[in-house]
There are 2 protein chains.
Amino acid sequence: MTKSNMQLKISNRLHVFRAEHRITQEQLAKEVGVTRATIVAIEGGGYNPSLELAFRLARYFKTDINAIFSVEEENNEQG
Amino acid sequence: MTKSNMQLKISNRLHVFRAEHRITQEQLAKEVGVTRATIVAIEGGGYNPSLELAFRLARYFKTDINAIFSVEEENNEQG
DNA sequence: CCATAATGTCAAGTTTATTTTACATCTATT
DNA sequence: AATAGATGTAAAATAAACTTGACATTATGG
């Protein structure tokens, strides 16, 4: 079992972006074309959305995917 | 029907990255933990992978998601 | 030409994202 | 306390990502 086969944990700051922009889950869901359940799931964490949805969220908040989503590194070789 | 409800077309340069790195579909598939069919599907285009897989591919090529995947803008304000 | 590796395709199956619906909780506001 | 808006949870259903296996085609090299 190689490392590349382990599931990556993807964390996100969607809740923060939503707070900053003062938009509700329901509004955001409508804006990006999904249901509130999906937004809830993403904010709940440990959830792996589609790339398209990630792009839509980034685009809505006029930012980059990496500003919202990031990979949880188990292995800290960022130096 | 608002624009935000239309499906975004996501294009990618996976084929290019793979050529540059001289790695086969099968090798790459193994590296990022999917099957060759998935790599073929992505390179074929019009395919919407998971965000996790997008992150894995970017990470493998030591680059950013945006260098590999991009949204096809119907509305050309990309500078 | 012959063998082998790499790629493209297709159909059927499994897993997981996303939807739908319903109900509970929490925070204002009156 | 009552009403209303926003959020959390959960279970069943649907859609879509991803797998599996098999076969065809296109390079590449002996």
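The legends below describe close-up views of a predicted model.

**View 1. Chain A and its order of helices and strands.** Chain A of this predicted model contains five helices and two strands. Read from the N terminus, the elements follow the order β-α-α-α-α-α-β. Chain A has 79 residues, of which 23% are buried. Of the contacts in chain A that link residues at least 6 apart in sequence, 53% connect residues at least 24 apart.

**View 2. The relation between chain A and chain B.** The same surface is used by both copies, since 100% of the contact residues of chain A recur in chain B. In general terms, a rotation about an axis and a shift along it relate two copies of a chain.

**View 3. The side of chain A that touches chain B.** In the contact between the chains, 18 residues of chain A meet 18 residues of chain B. On the chain A side, the elements giving two or more residues are α2 (25-32), α4 (51-60) and β2 (69-72). Of the elements on this side, α4(A) gives the most, with five residues. Sorted by class, this side of chain A holds 10 nonpolar, five polar and three charged residues.

**View 4. The surface near DNA strand D.** DNA strand D is surrounded by 16 residues, and the closest are Thr24(A), Ala37(B), Thr38(B), Asn48(B) and Ser50(B). At least two residues of this surface come from each of α2 and α3 (36-44) of chain A and α3 (36-44) of chain B. The largest share, four residues, is supplied by α3(A). By class, the surface near DNA strand D has six nonpolar, eight polar and two charged residues.

**View 5. The surface near DNA strand C.** Around DNA strand C there are 17 residues, the closest being Val34(A), Ala37(A), Thr38(A), Ser50(A) and Thr24(B). Here α3 of chain A, α2 (25-32) of chain B and α3 of chain B each contribute at least two residues. The largest share of the surface near DNA strand C is that of α3(B), with four residues. Seven nonpolar, eight polar and two charged residues make up this surface.

**View 6. The packing of α2(A) with α3(A).** Two packed helices are described by the angle between their axes and the distance between the axes. For α2(A) and α3(A), the angle is about 110° and the axes are 8 Å apart. The two helices α2(A) and α3(A) are therefore roughly perpendicular to each other. From α2(A), the contact involves Gln25(A), Glu26(A), Leu28(A) and Ala29(A), and from α3(A), Arg36(A), Thr38(A), Ile39(A) and Val40(A). By class, the contact of α2(A) with α3(A) comprises four nonpolar, two polar and two charged residues.

**View 7. The packing of α2(B) with α3(B).** In chain B, α2(B) packs with α3(B) at an angle of about 110°, and the axes lie 8 Å apart. This makes α2(B) roughly perpendicular to α3(B). Gln25(B), Glu26(B), Leu28(B) and Ala29(B) of α2(B) meet Arg36(B), Thr38(B), Ile39(B) and Val40(B) of α3(B). Four nonpolar, two polar and two charged residues form the contact of α2(B) with α3(B).

**View 8. Ile23(A) and its surroundings.** Ile23(A) belongs to the loop between α1 (14-20) and α2 of chain A. With 16 other C-beta atoms within 10 Å, Ile23(A) is partly exposed. Leaving aside residues up to four places away in sequence, Ile23(A) touches Arg18(A) and Leu28(A). Tyr60(A) stands 37 residues from Ile23(A) in sequence, and their C-alpha atoms are 11 Å apart in space.

**View 9. Two loop residues with positive phi.** Lys62(A), although not a glycine, has a positive phi of about 50°. Lys62(A) is placed in the loop between α4 and α5 (65-68) of chain A. Lys62(A) counts as exposed because it has 8 C-beta neighbours inside 10 Å. Arg22(B) likewise is not a glycine and has a positive phi of about 50°. The loop between α1 (14-20) and α2 of chain B holds Arg22(B). With 7 other C-beta atoms within 10 Å, Arg22(B) is exposed.

Key. Residues are numbered from 1 along each chain as its sequence is written. Chains are lettered from A and ligands numbered from 1 in the order in which they are written. This is a predicted model: local features need pLDDT of at least 70, side-chain atom pairs count only at pLDDT 80 or more; totals for chains, interfaces and linings use all residues. Two residues are in contact if their C-beta atoms, placed from the backbone, lie within 7 Å. Ala, Val, Leu, Ile, Met, Phe, Trp, Tyr, Cys and Pro count as nonpolar, Asp, Glu, Lys and Arg as charged, and the others, Gly among them, as polar. A residue is near a molecule or strand if its C-beta atom, placed from the backbone, lies within 6 Å of it. Axes are lines fitted to C-alpha atoms, for helices over the stretch in contact, and angles run from 0 to 180 degrees between N-to-C directions. Angles under 35 degrees count as roughly parallel, over 145 as roughly antiparallel, 65 to 115 as roughly perpendicular and the rest as oblique. A residue is buried if 20 or more other C-beta atoms lie within 10 Å of its own, exposed if 12 or fewer, and partly exposed in between; C-beta atoms are placed from the backbone.
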